[in-house]
Amino acid sequence: MGERPILTQMPKVGHSLDRRTARDVIAEKLMVLIATNMLRPGDELPGERELAQVLHVSRETVRGAVQSLAARGIVEVSHGSRTRVANVDLSDLTVTIATPNAIDSYDLDSVHAARLHIELKVVGDAAERVDAETLEKLDSLLEAQKLGGDDPMRFLICDREFHLAIYRACGNALLSDFVTDLYTYMMNHRRVAMSRPGAIDASYQDHAEIVAALKRRDRDAVIAAFRHHLTRIYETTRELLAKVQQGPEETGVETAR
C-alpha cells in the first residue's frame, strides 16, 4: 500500500513534513484521537489491520506508530491483549490550529453557526475539486464504517478520516485546518450521541449521500447533504448538553477530563 499521499495531506503546522516519516504522522493522528476524546484512557485501540485500513497505511506503519507512543507512555502494550490508551491528558495538544480545550470554550450555537458559514463553503469547493483518489478513499471509509458495527469509537475514528478527506479536497489548507478544529467540538458528547440506537446508521446514510453527491460533482447536493448532517450533529449535541446539567449519570458524559 502506498504511503506517500498521507504525508502530503497532513497540515504543515510548525514543522516540516519532509523530516517526518509515515510512522510519525500516524502517531500524531492517534494522539489527536486521544486529545479530542475519541479515544479515552483505558480504551482498547482497534487492531493493526483495522487501523491500517482506516488510515490508509501498512500494518507495519501502524505497529511502529503504536510502539513510539508506548515508549512515550501514551499507550500501554501488553502481550496477549489489545493496546490500551494510558491515563494521559493530551487536551493541550494542538490539533491543527487550536487545541480541543480552545474550541470547547465556545458555545454550541456559535460553533454551529461557524460550521454552517465556513464548512458548507469548504465542502462545496471540494465538490468541484475532489479527485478520484479521494473518492476511492471515501468509498473505503464507508466500507470500514460498515465493518465497525455499532461501536461508536470505531465509527468516529472513521468519521474523522472521512470528514478530513473531504475538507482537504477544497484546495485551501487553512480553511481545511480551521473546519477540522471546529469538527473536534465536544467530541466527548459526540461519542455518547453515537452510542444511541440508530445513530450510527443515520450518520452512515448521511455519509453515503455525501459521497454520491461528490461523485456527481454536484455542489448544491453536497452542500445540502452536509447541512443536513451538521444539523443532526447540532441537535444531538444540544440535547446532550441540556441533559448533562442534570448530572453525568444521565448521559454517560464525563464533565471533567
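Residues are numbered from 1 along each chain as its sequence is written, and side-chain values use heavy atoms, with hydrogens and water left out. Because the model is predicted, local features need pLDDT of at least 70 and side-chain atom pairs count only at pLDDT 80 or more, whereas totals for chains, interfaces and linings use all residues.

Helices (H or I, at least four residues) and strands (E, at least two) are DSSP runs numbered from the N terminus. The axes of helix 11 (residues 199–215) and helix 12 (residues 219–244) come within 8 Å and cross at roughly 165°; axes here are lines fitted to C-alpha atoms, for helices over the stretch in contact, and angles run from 0 to 180 degrees between N-to-C directions. Helix 11 is therefore roughly antiparallel to helix 12, on a scale in which angles under 35 degrees count as roughly parallel, over 145 as roughly antiparallel, 65 to 115 as roughly perpendicular and the rest as oblique. The crossing of helix 11 past helix 12 is left-handed, a term used if the near helix is turned anticlockwise from the far one by less than a right angle, with right-handed used if clockwise.

On the helix 11 side, Ala 202, Ser 203, Asp 206, His 207, Ile 210, Ala 213 and Leu 214 meet Ala 221, Val 222, Ala 225, Phe 226, His 228, His 229 and Arg 232 of helix 12, contact meaning heavy atoms within 4.5 Å. The residues of this contact between helix 11 and helix 12 comprise eight nonpolar, four polar and two charged. In this classification Ala, Val, Leu, Ile, Met, Phe, Trp, Tyr, Cys and Pro count as nonpolar, Asp, Glu, Lys and Arg as charged, and the others, Gly among them, as polar. The loop between helix 11 and helix 12 holds Arg 217, a residue other than glycine whose phi is positive, near 55°. Arg 217 is partly exposed at 39% relative accessibility, where buried means under 20% relative accessible area, exposed over 50% and partly exposed in between (1.4 Å probe, protein chains only).

Helix 3 and helix 4 (59–71) pack with their axes 8 Å apart at an angle of about 110°, so helix 3 is roughly perpendicular to helix 4. Glu 48, Arg 49, Leu 51 and Ala 52 of helix 3 meet Arg 59, Val 62 and Arg 63 of helix 4. By class, the contact of helix 3 with helix 4 has three nonpolar, no polar and four charged residues. His 56 occupies the loop between helix 3 and helix 4 and, although not a glycine, has a positive phi of about 60°. The relative accessible area of His 56 is 23%, which places this residue in the partly exposed class. Most residues other than glycine have a negative phi.

Side chains of opposite charge can pair when their charged atoms come close. With a salt bridge defined as a side-chain nitrogen of Lys or Arg within 4 Å of a carboxyl oxygen of Asp or Glu, the count comes to 19 salt bridges. Arg 154 and Glu 50 form one of these, with the closest N and O atoms 3.0 Å apart. This pair links distant parts of the chain, 104 residues apart, with Arg 154 in helix 8 (residues 152–168) and Glu 50 in helix 3. Arg 154 is buried, at a relative accessible area of 16%, whereas Glu 50 is partly exposed at 26%. Salt bridges that share partners also join Lys 121, Asp 125, Glu 128 and Arg 219 into one network.

A further salt bridge joins the side chains of Arg 84 and Glu 44 (3.2 Å, N to O). The two residues lie 40 residues apart, Arg 84 in strand 2 (residues 84–85) and Glu 44 in the loop between helix 2 (22–35) and helix 3 (48–55). Both Arg 84, at 37%, and Glu 44, at 34%, are partly exposed.

Val 85 is also located in strand 2 and is buried, at 3% relative accessibility. Leaving aside neighbours within four places in sequence, Val 85 is in contact with residues including Ile 34, Leu 39, Pro 41, Leu 45, Ile 74 and Val 75. In helix 6 (residues 108–129) lies His 112, buried at 14% relative accessibility. With neighbours within four places in sequence likewise left aside, His 112 is in contact with Leu 230, Thr 231 and Tyr 234.
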